[in-house]
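Have the viewer open as you read.

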Amino acid sequence: MQLCVGNATLPAANSRNGSRAVQGGGDGTAMTQEQEDEIILAELDDVELVAQMHDDLYDGLKAEIEEAVDILLERGWEPYRVLTEALVAGMKVVGDDFRDGILFVPEVLEAAKAMKAGMAILKPLLAETGAPRVGKMVIGTVKGDIHDIGKNLVGMMMEGAGFEVVDLGINNAVDAYLAALESEQPDILGMSALLTTTMPYMKVVIDTLVEKGLRDDYVVLVGGAP
Ligand code: B12
(Lines give C-alpha, C1' and ligand atoms only; values in the text may rest on other atoms or scores of the structure.)
Protein backbone atom coordinates (compact mmCIF):
# COMPACT_ATOMS: atom_id res chain seq x y z
CA MET A 1 0.00 0.00 0.00
CA GLN A 2 2.87 2.35 -0.70
CA LEU A 3 3.70 4.75 -3.43
CA CYS A 4 7.04 6.20 -2.54
CA VAL A 5 9.30 8.40 -4.57
CA GLY A 6 12.43 8.89 -2.53
CA ASN A 7 11.22 10.32 0.73
CA ALA A 8 8.42 12.31 -0.80
CA THR A 9 4.80 11.77 0.00
CA LEU A 10 2.69 11.89 -3.13
CA PRO A 11 -1.04 11.95 -3.61
CA ALA A 12 -2.25 8.90 -5.53
CA ALA A 13 -1.88 10.41 -8.98
CA ASN A 14 -4.76 8.80 -10.71
CA SER A 15 -7.13 8.21 -7.87
CA ARG A 16 -10.81 8.86 -8.48
CA ASN A 17 -11.37 10.11 -4.96
CA GLY A 18 -7.85 10.38 -3.58
CA SER A 19 -8.87 8.15 -0.72
CA ARG A 20 -5.78 5.97 -0.62
CA ALA A 21 -3.12 7.22 1.72
CA VAL A 22 0.49 7.25 0.68
CA GLN A 23 3.48 6.72 2.90
CA GLY A 24 6.67 8.70 3.08
CA GLY A 25 10.16 7.26 3.26
CA GLY A 26 10.09 6.26 6.93
CA ASP A 27 12.87 8.69 7.76
CA GLY A 28 11.59 9.68 11.16
CA THR A 29 9.70 12.78 10.03
CA ALA A 30 6.36 13.49 11.67
CA MET A 31 3.39 11.52 10.36
CA THR A 32 1.31 13.38 7.82
CA GLN A 33 -2.47 13.35 7.96
CA GLU A 34 -2.40 11.02 4.97
CA GLN A 35 -0.10 8.60 6.73
CA GLU A 36 -2.37 8.61 9.76
CA ASP A 37 -5.28 7.85 7.46
CA GLU A 38 -3.55 4.93 5.78
CA ILE A 39 -6.07 2.36 4.73
CA ILE A 40 -5.75 -1.09 6.24
CA LEU A 41 -7.72 -3.22 3.83
CA ALA A 42 -8.42 -5.97 6.37
CA GLU A 43 -10.11 -3.43 8.65
CA LEU A 44 -12.67 -2.35 6.03
CA ASP A 45 -16.09 -3.97 5.98
CA ASP A 46 -17.11 -5.77 2.80
CA VAL A 47 -18.87 -2.81 1.20
CA GLU A 48 -15.97 -0.45 1.93
CA LEU A 49 -13.43 -3.02 0.78
CA VAL A 50 -15.16 -3.56 -2.57
CA ALA A 51 -15.38 0.20 -3.11
CA GLN A 52 -11.69 0.47 -2.25
CA MET A 53 -10.91 -2.30 -4.73
CA HIS A 54 -12.68 -0.36 -7.46
CA ASP A 55 -10.44 2.60 -6.63
CA ASP A 56 -7.33 0.44 -6.45
CA LEU A 57 -8.09 -1.17 -9.80
CA TYR A 58 -8.52 2.29 -11.27
CA ASP A 59 -5.14 3.22 -9.84
CA GLY A 60 -3.55 -0.01 -11.08
CA LEU A 61 -2.49 -1.11 -7.59
CA LYS A 62 -1.71 -4.78 -8.21
CA ALA A 63 -0.53 -5.77 -4.72
CA GLU A 64 -3.57 -4.16 -3.08
CA ILE A 65 -5.93 -6.00 -5.42
CA GLU A 66 -4.23 -9.31 -4.63
CA GLU A 67 -4.47 -8.62 -0.92
CA ALA A 68 -8.13 -7.60 -1.12
CA VAL A 69 -9.07 -10.64 -3.21
CA ASP A 70 -7.48 -12.85 -0.55
CA ILE A 71 -9.36 -11.02 2.21
CA LEU A 72 -12.75 -11.47 0.50
CA LEU A 73 -12.04 -15.15 -0.10
CA GLU A 74 -11.04 -15.57 3.56
CA ARG A 75 -14.32 -13.93 4.52
CA GLY A 76 -16.13 -16.66 2.63
CA TRP A 77 -16.98 -14.85 -0.59
CA GLU A 78 -17.52 -17.16 -3.58
CA PRO A 79 -14.77 -16.62 -6.17
CA TYR A 80 -17.39 -15.74 -8.78
CA ARG A 81 -18.80 -13.03 -6.53
CA VAL A 82 -15.30 -11.58 -6.03
CA LEU A 83 -14.80 -11.63 -9.80
CA THR A 84 -18.06 -9.92 -10.70
CA GLU A 85 -18.67 -7.50 -7.84
CA ALA A 86 -15.11 -6.49 -7.06
CA LEU A 87 -13.06 -6.92 -10.24
CA VAL A 88 -15.40 -6.79 -13.25
CA ALA A 89 -17.46 -3.95 -11.74
CA GLY A 90 -14.24 -2.03 -11.09
CA MET A 91 -12.98 -2.55 -14.63
CA LYS A 92 -16.30 -1.28 -15.97
CA VAL A 93 -15.44 2.15 -14.55
CA VAL A 94 -11.97 1.95 -16.09
CA GLY A 95 -13.46 0.95 -19.47
CA ASP A 96 -16.03 3.76 -19.36
CA ASP A 97 -13.41 6.37 -18.50
CA PHE A 98 -11.11 5.04 -21.26
CA ARG A 99 -13.98 5.33 -23.75
CA ASP A 100 -14.67 8.88 -22.55
CA GLY A 101 -11.05 9.96 -22.86
CA ILE A 102 -10.55 10.40 -19.10
CA LEU A 103 -8.04 7.55 -18.86
CA PHE A 104 -5.33 6.77 -21.40
CA VAL A 105 -3.67 3.57 -22.60
CA PRO A 106 -0.84 3.38 -20.01
CA GLU A 107 -3.33 3.79 -17.15
CA VAL A 108 -5.70 1.20 -18.59
CA LEU A 109 -2.81 -1.22 -19.00
CA GLU A 110 -1.89 -0.77 -15.32
CA ALA A 111 -5.52 -1.34 -14.31
CA ALA A 112 -5.67 -4.40 -16.54
CA LYS A 113 -2.48 -5.76 -14.93
CA ALA A 114 -4.00 -5.33 -11.47
CA MET A 115 -7.16 -7.04 -12.71
CA LYS A 116 -5.08 -9.89 -14.13
CA ALA A 117 -3.30 -10.34 -10.80
CA GLY A 118 -6.65 -10.68 -9.04
CA MET A 119 -7.87 -13.03 -11.75
CA ALA A 120 -4.79 -15.22 -11.33
CA ILE A 121 -5.84 -15.93 -7.74
CA LEU A 122 -9.45 -16.57 -8.73
CA LYS A 123 -8.92 -18.63 -11.90
CA PRO A 124 -8.18 -22.02 -10.30
CA LEU A 125 -10.93 -21.48 -7.73
CA LEU A 126 -13.43 -20.52 -10.42
CA ALA A 127 -12.62 -23.73 -12.27
CA GLU A 128 -13.29 -25.71 -9.06
CA THR A 129 -16.50 -23.93 -8.15
CA GLY A 130 -17.89 -24.02 -11.70
CA ALA A 131 -18.59 -20.34 -12.23
CA PRO A 132 -20.85 -19.60 -15.19
CA ARG A 133 -18.85 -19.36 -18.39
CA VAL A 134 -19.47 -16.17 -20.28
CA GLY A 135 -17.66 -17.38 -23.37
CA LYS A 136 -14.28 -18.04 -24.93
CA MET A 137 -12.27 -15.94 -27.34
CA VAL A 138 -9.26 -16.70 -29.48
CA ILE A 139 -7.39 -13.52 -30.40
CA GLY A 140 -4.26 -12.80 -32.37
CA THR A 141 -2.52 -10.19 -34.50
CA VAL A 142 -2.49 -11.10 -38.17
CA LYS A 143 0.42 -12.26 -40.31
CA GLY A 144 3.06 -9.64 -41.02
CA ASP A 145 2.05 -7.48 -38.07
CA ILE A 146 3.85 -7.31 -34.74
CA HIS A 147 1.70 -4.68 -33.01
CA ASP A 148 0.16 -6.22 -29.92
CA ILE A 149 -0.60 -3.50 -27.37
CA GLY A 150 -4.20 -2.99 -28.51
CA LYS A 151 -4.76 -6.73 -28.89
CA ASN A 152 -3.45 -7.34 -25.36
CA LEU A 153 -5.68 -4.61 -24.03
CA VAL A 154 -8.74 -6.08 -25.73
CA GLY A 155 -7.82 -9.53 -24.43
CA MET A 156 -7.48 -8.23 -20.89
CA MET A 157 -10.77 -6.36 -21.09
CA MET A 158 -12.51 -9.48 -22.38
CA GLU A 159 -11.00 -11.45 -19.49
CA GLY A 160 -12.21 -8.70 -17.23
CA ALA A 161 -15.69 -9.20 -18.64
CA GLY A 162 -15.48 -12.90 -17.72
CA PHE A 163 -14.38 -14.42 -21.04
CA GLU A 164 -11.69 -17.06 -21.27
CA VAL A 165 -9.13 -15.65 -23.67
CA VAL A 166 -6.61 -17.64 -25.69
CA ASP A 167 -3.97 -15.27 -27.03
CA LEU A 168 -2.16 -16.44 -30.15
CA GLY A 169 0.30 -13.55 -30.06
CA ILE A 170 1.50 -11.76 -33.18
CA ASN A 171 2.13 -12.59 -36.83
CA ASN A 172 -0.55 -15.27 -37.21
CA ALA A 173 -1.07 -16.97 -40.53
CA VAL A 174 -4.49 -18.32 -41.41
CA ASP A 175 -3.44 -21.85 -40.42
CA ALA A 176 -2.65 -20.69 -36.87
CA TYR A 177 -6.16 -19.25 -36.51
CA LEU A 178 -7.74 -22.38 -37.97
CA ALA A 179 -5.76 -24.66 -35.68
CA ALA A 180 -6.74 -22.60 -32.63
CA LEU A 181 -10.40 -22.58 -33.63
CA GLU A 182 -10.26 -26.34 -33.96
CA SER A 183 -8.45 -26.99 -30.68
CA GLU A 184 -10.03 -24.28 -28.51
CA GLN A 185 -13.58 -24.24 -29.85
CA PRO A 186 -14.11 -20.57 -28.94
CA ASP A 187 -17.25 -18.51 -29.38
CA ILE A 188 -15.36 -15.53 -30.74
CA LEU A 189 -12.41 -15.08 -33.08
CA GLY A 190 -10.62 -11.76 -32.64
CA MET A 191 -8.07 -10.39 -35.08
CA SER A 192 -5.93 -7.31 -34.77
CA ALA A 193 -4.04 -5.40 -37.47
CA LEU A 194 -2.34 -2.00 -37.26
CA LEU A 195 -0.89 -1.67 -40.74
CA THR A 196 -2.49 -0.76 -44.04
CA THR A 197 -0.51 -3.66 -45.49
CA THR A 198 -1.70 -6.26 -42.97
CA MET A 199 -5.35 -5.27 -42.59
CA PRO A 200 -6.36 -7.14 -45.81
CA TYR A 201 -5.13 -10.34 -44.20
CA MET A 202 -8.19 -10.28 -41.98
CA LYS A 203 -10.22 -10.78 -45.15
CA VAL A 204 -8.00 -13.72 -46.09
CA VAL A 205 -8.85 -15.39 -42.78
CA ILE A 206 -12.55 -14.62 -43.05
CA ASP A 207 -12.69 -15.81 -46.68
CA THR A 208 -11.00 -19.04 -45.62
CA LEU A 209 -13.59 -19.52 -42.89
CA VAL A 210 -16.33 -19.01 -45.48
CA GLU A 211 -14.67 -21.48 -47.89
CA LYS A 212 -14.47 -24.10 -45.19
CA GLY A 213 -18.07 -23.54 -44.13
CA LEU A 214 -16.91 -22.38 -40.68
CA ARG A 215 -17.81 -18.71 -40.83
CA ASP A 216 -21.17 -19.04 -39.11
CA ASP A 217 -19.70 -21.05 -36.22
CA TYR A 218 -17.98 -17.99 -34.72
CA VAL A 219 -18.51 -14.36 -33.97
CA VAL A 220 -15.59 -12.61 -35.68
CA LEU A 221 -14.33 -9.37 -34.16
CA VAL A 222 -11.74 -7.30 -35.97
CA GLY A 223 -9.95 -4.27 -34.66
CA GLY A 224 -6.90 -2.10 -34.90
CA ALA A 225 -6.15 1.21 -36.48
CA PRO A 226 -4.25 1.20 -39.76
C1 B12 B 1 3.60 1.23 -30.67
C2 B12 B 1 3.73 1.21 -32.18
C3 B12 B 1 4.69 0.36 -32.73
C4 B12 B 1 5.52 -0.59 -31.89
C5 B12 B 1 4.68 -1.83 -31.59
C6 B12 B 1 4.93 -2.39 -30.21
C7 B12 B 1 3.92 -3.42 -29.85
N8 B12 B 1 4.37 -4.34 -29.00
O9 B12 B 1 2.77 -3.40 -30.25
C10 B12 B 1 6.71 -0.86 -32.86
C11 B12 B 1 7.79 0.16 -32.61
C12 B12 B 1 7.34 -2.25 -32.77
C13 B12 B 1 6.07 -0.57 -34.20
C14 B12 B 1 6.56 -1.08 -35.38
C15 B12 B 1 6.07 -0.67 -36.60
N16 B12 B 1 5.13 0.26 -36.85
CO17 B12 B 1 3.99 0.98 -35.46
N18 B12 B 1 3.00 2.02 -34.29
C19 B12 B 1 2.91 2.02 -33.00
C20 B12 B 1 1.94 3.14 -32.56
C21 B12 B 1 2.79 4.32 -32.14
C22 B12 B 1 0.98 2.83 -31.44
C23 B12 B 1 0.13 1.58 -31.63
C24 B12 B 1 -0.53 1.23 -30.30
O25 B12 B 1 -0.08 0.35 -29.58
N26 B12 B 1 -1.58 1.99 -29.95
C27 B12 B 1 -2.27 1.84 -28.65
C28 B12 B 1 -3.32 0.73 -28.75
C29 B12 B 1 -4.08 0.58 -27.43
O30 B12 B 1 -4.26 1.11 -29.71
P31 B12 B 1 -4.66 0.16 -30.89
O32 B12 B 1 -3.54 -0.73 -31.26
O33 B12 B 1 -5.28 0.99 -31.96
O34 B12 B 1 -5.78 -0.77 -30.25
C35 B12 B 1 -7.07 -0.29 -29.90
C36 B12 B 1 -8.08 -0.43 -31.04
O37 B12 B 1 -7.51 -0.34 -32.32
C38 B12 B 1 -8.75 -1.71 -30.77
N39 B12 B 1 -8.20 -2.97 -31.24
C40 B12 B 1 -6.95 -3.33 -31.56
N41 B12 B 1 -6.89 -4.62 -31.87
C42 B12 B 1 -8.14 -5.11 -31.74
C43 B12 B 1 -8.65 -6.38 -31.95
C44 B12 B 1 -10.01 -6.59 -31.74
C45 B12 B 1 -10.56 -7.95 -31.98
C46 B12 B 1 -10.86 -5.53 -31.35
C47 B12 B 1 -12.29 -5.76 -31.12
C48 B12 B 1 -10.34 -4.26 -31.12
C49 B12 B 1 -8.99 -4.07 -31.32
O50 B12 B 1 -8.80 -1.77 -29.37
C51 B12 B 1 -7.61 -1.18 -28.83
C52 B12 B 1 -8.03 -0.44 -27.59
O53 B12 B 1 -8.83 0.66 -27.90
C54 B12 B 1 1.16 3.41 -33.89
C55 B12 B 1 0.65 4.83 -34.06
C56 B12 B 1 -0.66 5.02 -33.41
N57 B12 B 1 -0.75 6.11 -32.70
O58 B12 B 1 -1.54 4.18 -33.50
C59 B12 B 1 2.21 3.05 -34.93
C60 B12 B 1 1.77 2.57 -36.30
C61 B12 B 1 0.62 1.61 -36.19
N62 B12 B 1 2.95 1.87 -36.78
C63 B12 B 1 3.17 2.07 -38.05
C64 B12 B 1 4.23 1.49 -38.77
C65 B12 B 1 4.36 1.92 -40.22
C66 B12 B 1 5.11 0.59 -38.18
C67 B12 B 1 6.29 -0.11 -38.85
C68 B12 B 1 6.03 -0.64 -40.26
C69 B12 B 1 7.46 0.87 -38.82
C70 B12 B 1 8.68 0.40 -39.56
N71 B12 B 1 8.93 1.04 -40.68
O72 B12 B 1 9.34 -0.53 -39.14
C73 B12 B 1 6.58 -1.25 -37.87
C74 B12 B 1 5.74 -2.47 -38.21
C75 B12 B 1 6.40 -3.75 -37.98
C76 B12 B 1 5.39 -4.86 -38.23
N77 B12 B 1 5.70 -5.72 -39.17
O78 B12 B 1 4.35 -4.92 -37.60
C79 B12 B 1 2.12 2.96 -38.67
C80 B12 B 1 1.10 2.23 -39.53
C81 B12 B 1 0.76 3.05 -40.76
C82 B12 B 1 -0.17 2.32 -41.63
N83 B12 B 1 -1.29 2.95 -41.90
O84 B12 B 1 0.08 1.23 -42.08
C85 B12 B 1 1.53 3.67 -37.41
C86 B12 B 1 0.07 4.09 -37.57
C87 B12 B 1 2.44 4.90 -37.16
C88 B12 B 1 2.34 5.92 -38.26
N89 B12 B 1 1.54 6.93 -38.11
O90 B12 B 1 2.98 5.81 -39.25
N91 B12 B 1 5.01 0.24 -34.05
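What follows goes from the overall layout to the cores, the ligand shell and a few backbone details.

## Ground rules

This is a predicted model, in which local features need pLDDT of at least 70 and side-chain atom pairs count only at pLDDT 80 or more, while totals for chains, interfaces and linings use all residues. Residue numbers start from 1 along each chain as its sequence is written.

## Overall layout

The chain has eight helices and six strands; these are DSSP runs numbered from the N terminus, with helices being H or I of at least four residues and strands E of at least two. Going along the sequence, you get β-β-α-α-α-α-α-β-α-β-α-β-α-β.

Of the 226 residues in the chain, 30% are buried. Buried here is 20 or more other C-beta atoms within 10 Å of a residue's own, exposed is 12 or fewer, and partly exposed is in between, with C-beta atoms placed from the backbone. As for contacts (C-beta atoms, placed from the backbone, within 7 Å), take those between residues at least 6 apart in sequence: 70% of them join residues at least 24 apart.

## Helix H2 and the cores

Helix H2 covers residues 46-58, and its 13 residues should span 18 Å at 1.5 Å a residue, which agrees with the 18 Å between its end C-alpha atoms. The expected span is 1.5 Å times one less than the number of residues. Its buried residues are Leu49, Val50, Gln52, Met53, His54, Asp55, Asp56, Leu57 and Tyr58. Just past H2, Gly60 has a positive phi of about 65 degrees.

In soluble globular proteins, nonpolar side chains tend to be buried together. A nonpolar core here is a set of buried Ala, Val, Leu, Ile, Met, Phe, Trp, Tyr and Cys residues joined through C-beta atoms within 7 Å. The largest one has 25 residues, and those with the most contacts inside it are Met53, Leu57, Ile65, Val82, Leu87, Ala111 and Met115. Two or more residues come from each of H2, helix H3 (62-74), helix H4 (79-99) and helix H5 (105-129), with H5 giving the most, eight residues. Leaving out residues up to four places away in sequence, Ile65 touches Met53, Asp56, Leu57, Ala114, Ala117 and Gly118. A second, separate core has 17 residues, including Met137, Ile139, Phe163 and Leu194.

## Around the ligand

Which residues come nearest to the ligand? Of the 24 around it, they are Ile149, Gly150, Gly190, Ser192 and Gly223; to count as near, a residue's C-beta atom, placed from the backbone, must lie within 6 Å. Helix H6 (149-160), strand S5 (188-192) and strand S6 (219-223) each give two or more residues to the shell, and H6 has the largest share, five residues.

The shell divides into 13 nonpolar, eight polar and three charged residues. Nonpolar means Ala, Val, Leu, Ile, Met, Phe, Trp, Tyr, Cys and Pro, charged means Asp, Glu, Lys and Arg, and the others, Gly among them, are polar.

Asn152 sits in helix H6 and is partly exposed, with 18 other C-beta atoms within 10 Å. Asn152 and Gly140 are twelve residues apart in sequence and 8.9 Å apart in space, C-alpha to C-alpha.

Asn171, in the loop between strand S4 (163-167) and helix H7 (174-184), has a positive phi near 55 degrees without being a glycine. Asn171 counts as partly exposed because it has 15 C-beta neighbours inside 10 Å. Gln185, in the loop between H7 and S5, isn't a glycine either, yet its phi is positive at about 50 degrees. Gln185 is exposed, with 11 other C-beta atoms within 10 Å.

Terms used
Two residues are in contact if their C-beta atoms, placed from the backbone, lie within 7 Å.
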